[in-house]
Protein chains: 2
Amino acid sequence: MDGRQQGISIGDLSMRTEVNIETIRYYEKIGLLPAPGRTGGRHRVYGPAHVARLTFVRRSRELGFSLEEIRSLLRLVDGGHSSCSDVQIVTLKHLDDVRKKIGDLQRLERTLSEVASRCQGGSVPDCPIVEALYAPAQGAEA
Amino acid sequence: MDGRQQGISIGDLSMRTEVNIETIRYYEKIGLLPAPGRTGGRHRVYGPAHVARLTFVRRSRELGFSLEEIRSLLRLVDGGHSSCSDVQIVTLKHLDDVRKKIGDLQRLERTLSEVASRCQGGSVPDCPIVEALYAPAQGAEA
DNA sequence: CTTGAACCTGTAGTTACTACAGGTCCCATC
DNA sequence: GATGGGACCTGTAGTAACTACAGGTTCAAG
């Protein structure tokens with residue numbers, strides 16, 4: 001019922017952060033999460049700082065940042081020095097990528113729904129979808 | 001200047017279809033493209049049917065179909081029997097996936113631009129973006 | 001007949017994990 | 001103090017769809 005906790009096991013950390021155990025170990029291996037202390041029997045023991053860090057990583061992943069981008073963000077955060085505008089640069093770059101991806105998918109969606117609409121679903125020997133797939137790109141996408 | 005050609009090399013096929021050479025060999029290895037004939041020295045020799053098939057695969061990839069989906073499409077096309085509605089099913093399923101992905105990215109975009117807009121880019125010690133990343137998901141995305 | 005470009009096979013690397021296999025540890029209960 | 005079974009450990013291999021070599025062979029023009 002208080003804020004204290006000494007020694008969070010990997011299972012507990014996993015439940016608190018909703019990051020699965022293998023992923024936690026993976027993040028440690030690639031250096032996104034600092035190596036925690038260990039018990040006598042080599043079991044990992046985490047503290048509150050690990051919870052915060054892993055939450056940060058998880059949230060960043062949810063927002064679509066790559067692990068490399070997260071690594072950059074963490075460096076900026078750890079650097080401490082006036083990094084807000086740098087963080088903003090990384091974020092805006094990512095936002096731009098997301099918008100591009102949306103645009104690509106919307107073009108795709110248009111082409112695809114156009115192609116699909118040509119087909120009436122009968123048992124036609126020459127399916128218009130199949131014909132479209134045999135033709136080297138000329139449609140609406142570009 | 002005519003329609004005849006006997007023996008297309010892998011390099012030619014690559015240029016005609018704009019699929020790179022390693023990818024062509026990869027498609028052969030995983031069974032998407034039938035193994036072609038060979039010269040005495042074991043160089044691959046393709047014919048017009050290979051051009052058509054590879055064009056189909058490439059176009060399908062451009063439209064975002066996975067290799068497994070393309071495999072299914074090819075089975076249907078090869079089956080020959082009244083497969084148009086089956087093709088349509090695969091296509092509509094894919095279209096649905098694309099639309100879902102667009103929706104996911106749009107939600108992401110909203111959250112991300114909201115978070116980014118909080119930051120005025122100064123040298124603030126407590127960056128609002130960083131703060132948002134330390135907080136376990138509560139925002140607009142759901 | 002000699003280059004050198006094109007081709008060959010096979011393996012390893014990429015992203016972000018997940019899924020084992022085969023073992024060890026912790027701790028609650030008896 | 002013994003025991004049992006869940007949680008933990010390391011390390012490797014698999015996923016999608018390629019790309020990039022390394023190290024060797026073949027083709028075709030001159």
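## Contact between the two chains

Contact means heavy atoms within 4.5 Å. By this rule, 51 residues of chain A are in contact with 51 residues of chain B. This is a predicted model: local features need pLDDT of at least 70, side-chain atom pairs count only at pLDDT 80 or more, and totals for chains, interfaces and linings use all residues. Residues are numbered from 1 along each chain as its sequence is written, chains are lettered from A and ligands numbered from 1 in the order in which they are written, and side-chain values use heavy atoms, with hydrogens and water left out.

The size of an interface is often given as the accessible area lost when the parts come together. Buried area is the accessible area (1.4 Å probe) that two parts lose on being put together, summed over both. Between chain A and chain B it is about 4400 Å², and carbon and sulfur atoms give 76% of that.

## Charged and polar pairs

A salt bridge is a side-chain nitrogen of Lys or Arg within 4 Å of a carboxyl oxygen of Asp or Glu. The rule finds two salt bridges across the interface of chain A and chain B. The side chains of A:E109 and B:R99 meet in a salt bridge, at 2.6 Å from N to O.

## Which parts of chain A take part

Helices (H or I, at least four residues) are DSSP runs, numbered from the N terminus. On the side of chain A that touches chain B, α3 (48-62), α4 (67-79), α5 (84-118) and α6 (128-134) of chain A each supply at least two residues. The most comes from α5(A), with 20 residues.

By class, this side of chain A has 28 nonpolar, 16 polar and seven charged residues. Here Ala, Val, Leu, Ile, Met, Phe, Trp, Tyr, Cys and Pro count as nonpolar, Asp, Glu, Lys and Arg as charged, and the others, Gly among them, as polar.

## The surface near DNA strand D

A residue is near a strand if one of its heavy atoms lies within 4 Å of it. DNA strand D is surrounded by 21 residues, and the closest are A:R25, A:R44, B:T23, B:Y27 and B:R61. The residues of this surface divide into five nonpolar, nine polar and seven charged. Four residues, the largest share, come from α2(B).

Of the atoms of DNA strand D within 4 Å of the protein, 83% belong to sugar or phosphate and the rest to bases. For B:E22, a polar side-chain atom lies 3.1 Å from a base nitrogen of DNA strand D.

Notes
A polar contact is a pair of N or O atoms within 3.5 Å; within protein, one must be able to donate a hydrogen and the other to accept it, and residues adjacent in sequence count only if both atoms are side-chain atoms.
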